[in-house]
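Student: Before we start, could you show me the model and then take me through how its features are read?

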Amino acid sequence: MKKTLFRWFDSDVGYSFRTSPVAIGAAVIALVCVFCSLFAGWVAPHNPFDLSTLELSDARLPPGWSEGGSWKYPFGTDDQGRDILSALIYGARISLIVGLASVALSVVVGVALGLLAGFKGGWIDAVLMRLCDVMLSFPAILVALLIAGVGRAVFPNAHESLAFGVLILSISLTGWVQYARTVRGSTLVERNKEYVQAARVTGVSSLRIMRRHVLPNVLGPVMVLATIQVATAIITEATLSFLGVGAPPTSPSLGTLIRIGNDYLFSGEWWITVFPGVMLVLIALSVNLLGDWLRDALNPRLR
């Protein structure tokens, strides 16, 4: 493990990372958010899911440094008396899980279909690309709204895990298209190269050629696109939760907190919506900056 880490640190990508203050800063912010989300039970000062610890008399308290605030709740409380700081930590975990899971599902489906379309060609390529064109003709947020809304209507009393599954599926439904088109374009170039022709001559099956030879050579753009799409998926989840069709109301998602705080914004309780909004911006910005750095680091022309 140490040898692999040192080898990466001495590589061109590692050197690009070491000499980029923006990439280092973005990585630190992203790692802090991920660490706090994974260990929310130990990091968060309160548990927003434990209803027995909530006190309605503490509802809508201002931040600790403000008049009337308490350092027991450094970022204040929401309308149910939940600690905003703890809700942010747990909400970031929900946003990261949904974002990473939806991107992982999109990558698996998109890469598989893109490889198949680019390598086989013919009517398979035509059908899959027309399907991509149809999916791209609809705004992603509207498709996600439709799927999430239908899912909540069909399963009104569903468990939270099923609700999150519908949410992940709704975000992934349009996310796979970009991976499919990217991989298909790279596969069209790779399939005519000599190493693929040599594998065909020796009798290697098409599935093995795609998996062992073509796939490793088309993953570079996919990695960059997946990194950037994580931020997009997190924002989409927050948007759906803000509109009321995302995470369940009992889960303190960042989008849910922003929606709750929006009702009290003009009455002076600005902290309920400002702090979740800042948290969402930090996560999305750090992931986008890492994606931009990775794109430049993997492109030899930009070094």
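Tutor: Let us begin with confidence: in the protein chain it is lowest in helix H1 (residues 2-9), at a mean of 57, and highest in helix H5 (residues 84-120), at 90. The values are pLDDT, the predictor's confidence in each residue, from 0 to 100, and helices are DSSP runs of H or I with at least four residues, while strands are runs of E with at least two, numbered from the N terminus. This is a predicted model, in which local features need pLDDT of at least 70 and side-chain atom pairs count only at pLDDT 80 or more, although totals for chains, interfaces and linings use all residues. Residues are numbered from 1 along each chain as its sequence is written, and side-chain values use heavy atoms, with hydrogens and water left out.

Student: How many helices and strands does the protein chain have?

Tutor: The protein chain has twelve helices and zero strands, and its C-alpha trace spans about 75 × 50 × 30 Å along the principal axes.

Student: How many residues are in the chain, and what percentage of them is buried?

Tutor: A residue is called buried under 20% relative accessible area, exposed over 50%, and partly exposed in between, using a 1.4 Å probe and protein chains only. Of the 303 residues in the protein chain, 42% are buried. Asp296, which lies in helix H12, is partly exposed, with a relative accessible area of 31%, and Gly149 in helix H7 is also partly exposed because its relative accessibility is 27%.

Student: What span should H5 have, given 1.5 Å a residue?

Tutor: The expected span of a helix is 1.5 Å times one less than its number of residues. The 37 residues of H5 should therefore span 54 Å, and its end C-alpha atoms are 53 Å apart, which agrees. Just after H5, Gly121 takes a positive phi of about 70°.

Student: Which residues lie nearest the centre of the largest pocket?

Tutor: A pocket is found on a 1 Å grid over the protein atoms alone, as an open set of points where a 1.4 Å probe fits, with protein on both sides within 12 Å along at least five of seven lines, and lining residues have an atom within 4 Å of a point. The largest pocket is lined by 15 residues, and nearest its centre are Leu100, Thr227, Val230, Val287 and Leu290. Helix H3 (21-38), H5, helix H10 (206-243) and helix H12 (271-298) are the elements giving two or more residues to this lining, and H12 gives the most, with five residues.
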